Amino acid sequence: MPPTSKRHDAKTSTPKASAKRSTGAPAGGYAPTLSSGFRAATTRVQEMHHAIAGKTFDALKQVPGVSLPARAVQGAHDAVTDAVYAAVRAGGSAAFGVAGVAEAMAGASGRNPGSKERAVRSALNGVFGDHLAREGNGLAFELDFHADGVPVQLTSEFASGLRPRVCVFIHGLACDEHSWFRRSTDGVEVGSYGDRLSAERGVSALYIRYNTGRAVAQNAEDLAQKLGELLAAAPQVSEIALVGHSMGGLVARSACDLALADGAPWLERVSVLMCLGTPHQGAPLERLGHLASMALNLSNVTRPLAAIANARSRGIKDLRHGLRAKADAMSVPVRLLAGHLADGEAGMAAAMMGALLGDGLVLPSSASDEQLSGDVRREELRGIGHMGLLNDPRVYEIVRRWWDETARG
C-alpha cells in the first residue's frame, strides 16, 4: 500500500480550489440555535409537569368535600408553575443572547472552525438541519463541493484543472467531507480513497458537503443541479464515479433517478454508483425511533417526549424506509457494499449476530437490496462497522477494483 498523503497537500487530487474562507461563526450562529432548543425543551418539561400534576388533581377532584379546594389549589399551582417556567425561559434566552454577542465578536476574527466545531455543526445539521434551513440559520449547510473545509467555486481556473475522470464522494448522516479522511496520531488528516485514486488512477477527487437533516429528495435535487454545473464549467470531464456512504448513497441514487427523468446530460458521464453501507431498504434504528415516538404519544404524560422525538429531522425520518426499488433497471452500473460487525473467523453465534446487526446501523439485506436490478453487483465485508466503511484499506481495494471494472478507458 503506497504511503498516504496529507489531506491538505493537494498534489494530484484536485486543482487548487477557489473558495471563500470562513469569517467566523455563521449567521444565526450557535447561541440562537441553542436558545431555541432550550426554550422548546423547557416547554416540553412544563407540559409534562402539568400532565403529571393534572392526574393527581383529577383524582382529588373526585373526592367529596375535597373537589373545590383541589380546584383552587390546582389554579394556584398552575399559575406559579407557569410563572417559574416563563422565568426560566426568559433567563435562558437572556444568557444565550449574551453568548450570541460574544460569539459574533469572536467570529469577527476571521478564524476557520476547528475539527470539534465542524463535528458539532455536522451533528446539528443531521438532527435539526431542516429546521435550521427553514429558519435561514447560517449553521445550515448548503450542498456544494468542498476542499480544505471551504466551498469550492467552479471558476474557469478551477474547472480547467480537473482531469477527464472525476470521482465524487458524498458523506452520510451528521457527517461532512472530512469524514472520508483518517486522523494520524498527531491529529493531521491523512489520505482518503480519493487521494489514493488520484495517485494510482489519475482521478480528480471532489467532495460534497450537504445538510443531512433535509429530505433526501431535496438534497438529490441539489446534487443533480451541482453535477450539471460541474459539467457546464468543465466540459473535458468525460467520466464521473459517484461514491456515497450511508445516506450519501441514497442521495446519489435519487439524483441519478432525477437525471434520468429530466434527461440531464451529466448522467451519461456516470460510469458507476458505489454505495457503502447505504440503507436502500431503510435503517432499523430509525424504525425503532418511529415506534418509540408512537408509543410515547399514547399518554398525555409522555406526549411531550413524543414531541421532542418527532422534532428529529426529515433526513433522519427518510432513513426509515430508504428507497424502494422501481420496476425499471438502474440507469447506471451500481456496486453495493454491506458491512458486518462479525469477523470472518468468528463462530456461528457471532456470525448470526453480524447478520442481525449488520454493520451496527444498516442490515446486510438493506445495504445489498436484492430488489435492485440491472448492472448491479453486491459484496460483503466482515469485521467492519458502519463508520469504518469511510476509511478502511480493505474498502479502498474494493472501491479501486470497482473503478477499474467500470472505467471507460
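Q: What makes Leu143, Asp144 and Phe145 count among the residues that Ile208 touches?
A: Contact means heavy atoms within 4.5 Å. Leaving out residues up to four places away in sequence, Ile208 touches Leu143, Asp144, Phe145, Val168, Phe169, Ile170, His171, Glu177 and Leu223. The C-alpha atoms of Ile208 and Leu143 are 6.8 Å apart, although 65 residues separate the two along the chain.

This is a predicted model, in which local features need pLDDT of at least 70 and side-chain atom pairs count only at pLDDT 80 or more, while totals for chains, interfaces and linings use all residues. Residues are numbered from 1 along each chain as its sequence is written, and side-chain values use heavy atoms, with hydrogens and water left out.

Q: Why is Ile208 called buried?
A: Buried means under 20% relative accessible area, exposed over 50% and partly exposed in between, with a 1.4 Å probe and protein chains only. Ile208 has 0% relative accessibility and therefore counts as buried. In the protein as a whole, buried residues make up 45% of the 409 residues.

Q: In which strand is Ile208 found?
A: Ile208 belongs to strand 7, residues 204-209. Strands (E, at least two residues) and helices (H or I, at least four) are DSSP runs, numbered from the N terminus. The protein has 13 helices and eleven strands.

Q: What covers the buried residues of helix 5?
A: The cover includes strand 4 (165-170), strand 7, strand 9 (270-276) and helix 13 (393-406). The buried residues in helix 5 (residues 193-201) include Tyr193, Gly194 and Leu197. At the N-terminal end, Ser192 caps helix 5, with a side-chain oxygen 3.2 Å from the backbone nitrogen of Gly194. Just after helix 5, Gly202 has a positive phi of about 65°.

Q: Which residues have the most contacts inside the largest nonpolar core?
A: A nonpolar core is a set of buried Ala, Val, Leu, Ile, Met, Phe, Trp, Tyr and Cys residues joined through side-chain atoms within 4.5 Å. The largest has 47 residues, and Val168, Leu223, Leu242 and Trp266 have the most contacts inside it. Apart from it lies another core, of 25 residues, among them Val203, Ala241, Val395 and Trp403.

Q: How many of the residues reach a pLDDT of 70 or more?
A: pLDDT is the predictor's confidence in each residue, from 0 to 100. Its mean over the protein is 78, and 62% of the residues reach 70 or more. Over residues 1-12 the pLDDT is below 50. Where pLDDT is low, the predicted coordinates should not be read in detail.

Definitions and conventions
A polar contact is a pair of N or O atoms within 3.5 Å; within protein, one must be able to donate a hydrogen and the other to accept it, and residues adjacent in sequence count only if both atoms are side-chain atoms.
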